[in-house]
Amino acid sequence: KRLRLERLVCPTLSSTEIDNGSDVIQGLTQTQKALSPRYFYDDRGSHLFEKICDLPEYYPTRTEAAILQDCSAEIAQITGSSEIVELGSGSSTKTRILLDAYKNLGYPLRYLPIDVSGGMLESSATQLLLDYPSLQVHGLVSTYELALANLTPAILPTRTLCFLGSTLGNLNLEECDRFFADIVQALEVGEYFLLGIDLHKSPAILEPAYNDAQGVTAEFNQNVLHHLNWRFDGNFKPEQFEHWAFYNQAEHQIEMHLRSQKAQTVQLRGLDFTVKFEAEETILTEISRKFDLDSMGQYLQKQGLNTVKVWTDPNHWFGLVLAQV
Ligand code: AVJ
């Protein structure tokens, strides 16, 4: 009764969606081969990402959690009784800080996690229900696009759509514009948007965060190929593709690639698709853009989102923006 999990399926399978793999074919036939970062997050990838979050080099998760610890009571005071909708909810660890704040103010707890990883969504929702006896969870196994198009009206007085962890950094400018159009479309006037963004900083801090000493990020990157193998009956040999990540200072973004160690041909039988790699040729698996708070405020304003309040950590490594439609 307190738990409802739904799997949203793309109604038009002809469009570029995760289910039919047309985006994979498109990405792997470009001059610079590329894959959507959502292919990181099968169940194994989601667990590897959890491991990344605990690495000493990967500062974003713990920095954002510390900011949330300091400001969540204020967020709950500002929004009043509110549902928490979360895009890319993953393990929902940081969300607990927000749930605690609403709980402390005596508000009812309603949470709508959205994630492409069904296994991760189910296990985190189940654990949350045990830890919060009055919590209602309505989870969506879905891409962001599809979930935003299918949000049901809030039951509580308002809604706070959370997009934490700087996942926004995965979207290029064009994707970002489309994403915000969907957000504004999905929210009613007066509803809230809570955004966590990683900020500009020295490559000396950024680069190790994506090249950890234990090699977990390398494993996470190569997992994309394991994922494609099972999803599309492929024969990628992930160990023949080397992890490569660097900070592009001009673009203010980390770029993460997989580099083919030799010339090779790979098949994805499920897609009836063959792809050739030259030695040293790369697949771009992720961009992770870094932001500055002033430009973000202006950008949000242009998209129809008014900044209510901004929080950051003492080093200004990470920022949290509460905005309102
Ligand atoms: C989940 C997209 C925010 O960009 O830092 C971590 C993913 N990639 N290490 C990020 C990631 C490599 C992460 N985001």
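Me: Which residue is the bridge partner of Thr265 in β11?
Reply: In this predicted model, Thr265 is bridged to Lys276 of β11.

Me: What makes β10 and β11 count as paired strands?
Reply: Pairing needs at least two bridges found by DSSP between two strands. Strand β10 (residues 264-268) and strand β11 (residues 273-277) are joined over 5 bridges, so they count as paired. The sense is antiparallel. In their hairpin, 4 residues stand between the strands, and Asp272 has a positive phi near 55 degrees.

Me: How do you know that β2 and β12 pair?
Reply: The cut-off is at least two bridges. Between β2 and strand β12 (residues 282-289) there are 2 bridges, so the pair qualifies. These two strands run parallel, and Lys33 stands opposite Ile283 in β12.

Me: Why is β8 called an edge strand?
Reply: The open sheet here has 4 strands in the order β2-β12-β9-β8, with mixed pairing. Strand β8 (241-248) pairs on one side only, and β2 (33-34) does likewise. Across β8, β9 (253-260) and β12 lies helix α9 (residues 216-232), which runs at about 120 degrees to β8.

Me: Which strands are at the edges of the sheet of 8 strands?
Reply: That open sheet has the order β1-β5-β4-β3-β6-β7-β14-β13, and its pairing is mixed. Its edge strands are β1 (3-7) and β13 (306-312), each pairing on one side only. From one strand to the next, the twist averages 15 degrees.

Me: What makes β7 and β14 a pair?
Reply: They share 7 bridges, and at least two are needed, so strand β7 (residues 192-198) and strand β14 (residues 318-324) pair.

Me: Is Ser134 buried or exposed, and what makes it so?
Reply: Ser134 has 10 other C-beta atoms within 10 Å. The limit is 12 or fewer, so Ser134 is exposed. Its place is the loop between α5 and β5. Leaving aside neighbours within four places in sequence, Ser134 is in contact with Pro108 and Leu109.

Me: Which residues have the most contacts inside the largest nonpolar core?
Reply: They are Leu161, Phe193, Leu194 and Leu195, in a core of 67 residues. Not counting residues up to four places away in sequence, Leu195 touches Phe163, Leu168, Val321 and Ala323. Another core, of 7 residues, lies apart from the largest one and has Leu206, Ala209, Tyr247 and Ile254 among its members.

Me: How many residues of each class are in the shell around the ligand?
Reply: The shell has 3 nonpolar, 7 polar and 1 charged residues. Among the residues around the ligand are Ile52, Pro60, Asn170, Tyr210 and Glu286. Glu counts as charged, so Glu286 is the charged one.

Conventions:
Residues are numbered from 1 along each chain as its sequence is written. This is a predicted model: local features need pLDDT of at least 70, side-chain atom pairs count only at pLDDT 80 or more; totals for chains, interfaces and linings use all residues. A residue is near a molecule or strand if its C-beta atom, placed from the backbone, lies within 6 Å of it. A nonpolar core is a set of buried Ala, Val, Leu, Ile, Met, Phe, Trp, Tyr and Cys residues joined through C-beta atoms within 7 Å. A residue is buried if 20 or more other C-beta atoms lie within 10 Å of its own, exposed if 12 or fewer, and partly exposed in between; C-beta atoms are placed from the backbone. Two residues are in contact if their C-beta atoms, placed from the backbone, lie within 7 Å. Axes are lines fitted to C-alpha atoms, for helices over the stretch in contact, and angles run from 0 to 180 degrees between N-to-C directions.
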